Amino acid sequence: MTRVVVAGGGWAGLAAAAELTRRGIPVLVLEAAPQLGGRARSVEIWGQHLDNGQHLMIGAYRGMLGLLRTLGVDEGAVFQRLPLELRMESPHQGGYHLATPRLPAPLHLLWGLIRASGMSLSERWQALRLASGLTGRSAPAHDLPLAELLNHYGQNPQIIRKLWEPLCLAMLNTPVESASSRVFRTVIKDTFARQRSDSDLLIPRTDLDAVLPGPARGYIERHGGEIRVGQRVTALQVGSERIAGVVLANGDTIAAQHVVVATPDTIGRRLLESHGPLKPIADALARLRHAPICTVYLRYPPHVRLARPMCGLLDTTAQWVFDRRVTGNPGIMAVVISSHGPHMQLDNAELAGHVARELATLNPDWPEPEAVRVIREKRATLLCQAGIDSRRPGNATPLRGCWLAGDYTATGYPSVLEGAIRSGLACARLVAAELS
Ligand SMILES: Cc1cc2nc3c(=O)[nH]c(=O)nc-3n(C[C@H](O)[C@H](O)[C@H](O)COP(=O)(O)OP(=O)(O)OC[C@H]3O[C@@H](n4cnc5c(N)ncnc54)[C@H](O)[C@@H]3O)c2cc1C
């Protein structure tokens, strides 16, 4: 009998499966889609390897970097590592530029803020005040909406618009009005308070499949595990007070001592809700909300480029532009638009046209794009609102042998790759402890 079945081959499920494999425990990964990767997967567009959404990682993603080492992936081959630099452009009031020097953390952030160009003295002072508050020891007992914390630290609307709103949307995919200040603080502390390299930006040099899903598959299969794609789990089988296996869409059953449910929370809820002991978790999952992310790809002639691999935009629908030259797609720009907003009312052609005009305003020498493609992930991440931690389940469940892994579990992180991987690794450690 297969001892551990992992239902879901996203980054959380693959992290769990790879860690179990590393510990010599046989795993079977069942993935519903025809490919691995889940919400961070490769797609083919215009005959090129692109992704379902542009992803950015940071040096503080220790879980991810450790896992890549286990899988034998050379960091330099899959990421371009750059010291944190925010180059924000606006068609109206000018943007700003913040670069972090080679100083120990958090001095690099403080010095970067002091030297930032395009910010007034008062804006820099306010940002410093909040940055030192967030990276310091004292934390509010309650998880306030971030807007309230910003107010508490005397941040004016200008610095919120320029700095905190874009950072909050990029990190939590949630607007400051409702975002969890606790989760925001955790990410800021992890990024800025420990080592300077934690705030480095890691921009993929390859499509996402080659960063983790491909190497994870190779590692798991080389070490005796099995991965089956196109295999949807439709139900959990429960024996006498413990998990007994899973049922597949084609009616087959697979027996297992342990099942790691590594699907998105919405699917997890459906798998859990019909089993009495799991019903409270399913009910908590039903209260989670989600937020979209749109990626607009624009294909220009190969000579078109940004001055830097990425830049941020203020006062526009487009929020971040990535030059996919870094990823081996010269001339292709990936524009990221996080969370809800009026852009969700536009159809794909309108949205792409709108974004193309915004880029043309900022880059008047660029020609018209030759082609455009919009990818909308409607449930890209959890809406990371204040108080969210109380609704997120842990990895263990009251049903013996049934475990949860995914970016929605209680990692303390927003729904990001690092949260998914930490969740998968933590889950694998619990399963291994039980098996031993
Ligand atoms: C457009 C976009 C941009 C993003 N940008 C960033 C970023 O820049 N940085 C960052 O860190 N994070 C980013 N994220 C978030 C990140 O992609 C997710 O947090 C992460 O991929 C979640 O991984 P997961 O394994 O928890 O879930 P998922 O990726 O959802 O994996 C779940 C898997 O389960 C499978 N499945 C579903 N139902 C079943 C079933 N019944 N049986 C078997 N398998 C099933 C799914 O097909 C999927 O493969 C972004 C997400 C999106 C969508």
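The model is predicted. The chain has 14 helices and 20 strands. Its domain assignment gives three entries: domain 1 (4-40 + 212-288 + 387-435), domain 2 (84-198) and domain 3 (290-382). The ligand lies between domain 1 and domain 3, because both give residues to the shell around it.

**Overall build**

- The C-alpha trace spans about 65 × 50 × 40 Å along its principal axes.
- The radius of gyration of the chain is 22 Å, which agrees with the value near 22 Å for a compact globule of 436 residues.
- Of the 436 residues in the chain, 50% are buried.
- Take the contacts between residues at least 6 apart in sequence: 69% of them join residues at least 24 apart.

**Ligand shell**

- The ligand is surrounded by 36 residues.
- The closest are Gly8, Gly10, Gly38, Gly53 and Val416.
- By class, the shell holds 18 nonpolar, 12 polar and 6 charged residues.
- Several elements each supply at least two shell residues: helix 1 (11-22), strand 2 (27-31), strand 15 (290-299), strand 19 (371-382) and helix 14 (417-435).
- Domain 1 (4-40 + 212-288 + 387-435) and domain 3 (290-382) both contribute to this shell, so the ligand sits between the two.

**Domain 1 and domain 2**

- The C-alpha centres of domain 1 and domain 2 are 34 Å apart.
- Their contact takes 6 residues from domain 1 and 9 residues from domain 2.
- On the domain 1 side, the residues touching domain 2 divide into 3 nonpolar, 2 polar and 1 charged.

- Helix 11 covers residues 265-272, and its buried residues are Asp265, Gly268, Arg269, Leu271 and Leu272.
- Seen down the helix axis, these buried residues fall within an arc of 165°, so they line one face of helix 11.
- An α-helix has 3.6 residues a turn, so residues three or four places apart point the same way.
- The buried residues of helix 11 pack against strand 11 (233-238), strand 14 (258-261), helix 12 (279-286) and strand 20 (402-404).
- Pro264 lies in the loop between strand 14 and helix 11.
- Pro264 has 20 other C-beta atoms within 10 Å, and therefore counts as buried.
- Leaving aside residues up to four places away in sequence, Pro264 touches Arg379 and Gly406.
- Pro264 and Arg373 are 109 residues apart in sequence, and their C-alpha atoms are 25 Å apart in space.

**Backbone exceptions**

- Most residues other than glycine have a negative phi, and most peptide bonds are trans.
- Ala105 and Pro106 are joined by a cis peptide bond, with omega about -5°.
- Pro106 is placed in the loop between strand 8 (96-99) and helix 4 (107-115).
- Asn173 is not a glycine, yet its phi is positive, at about 55°.
- Asn173 belongs to the loop between helix 7 (157-172) and helix 8 (181-192).
- Asn173 is buried, because 23 C-beta neighbours lie inside 10 Å.
- Ser339 also is not a glycine, and its phi is positive, at about 65°.
- Ser339 is found in the loop between strand 18 (332-338) and helix 13 (348-362).
- Ser339 has 23 C-beta neighbours inside 10 Å, so it counts as buried.

**Two further sites**

- His303 occupies the loop between strand 15 and strand 16 (310-313).
- His303 counts as exposed, because it has 8 C-beta neighbours inside 10 Å.
- His303 and Ala60 are 243 residues apart in sequence; C-alpha to C-alpha, they are 33 Å apart in space.
- Gln158 is in helix 7.
- Gln158 has 14 C-beta neighbours inside 10 Å, so it counts as partly exposed.
- Gln158 and Met119 are 39 residues apart along the chain, and their C-alpha atoms are separated by 9.6 Å.

Technical notes
Residues are numbered from 1 along each chain as its sequence is written. This is a predicted model: local features need pLDDT of at least 70, side-chain atom pairs count only at pLDDT 80 or more; totals for chains, interfaces and linings use all residues. A residue is buried if 20 or more other C-beta atoms lie within 10 Å of its own, exposed if 12 or fewer, and partly exposed in between; C-beta atoms are placed from the backbone. Helices (H or I, at least four residues) and strands (E, at least two) are DSSP runs, numbered from the N terminus. The arc is that of the directions from the helix axis to the C-beta atoms. Two residues are in contact if their C-beta atoms, placed from the backbone, lie within 7 Å. The radius of gyration is taken over C-alpha atoms; the globule rule is 2.2 Å times the number of residues to the power 0.38. A residue is near a molecule or strand if its C-beta atom, placed from the backbone, lies within 6 Å of it. Ala, Val, Leu, Ile, Met, Phe, Trp, Tyr, Cys and Pro count as nonpolar, Asp, Glu, Lys and Arg as charged, and the others, Gly among them, as polar. Domain bounds come from an automatic or database domain assignment.
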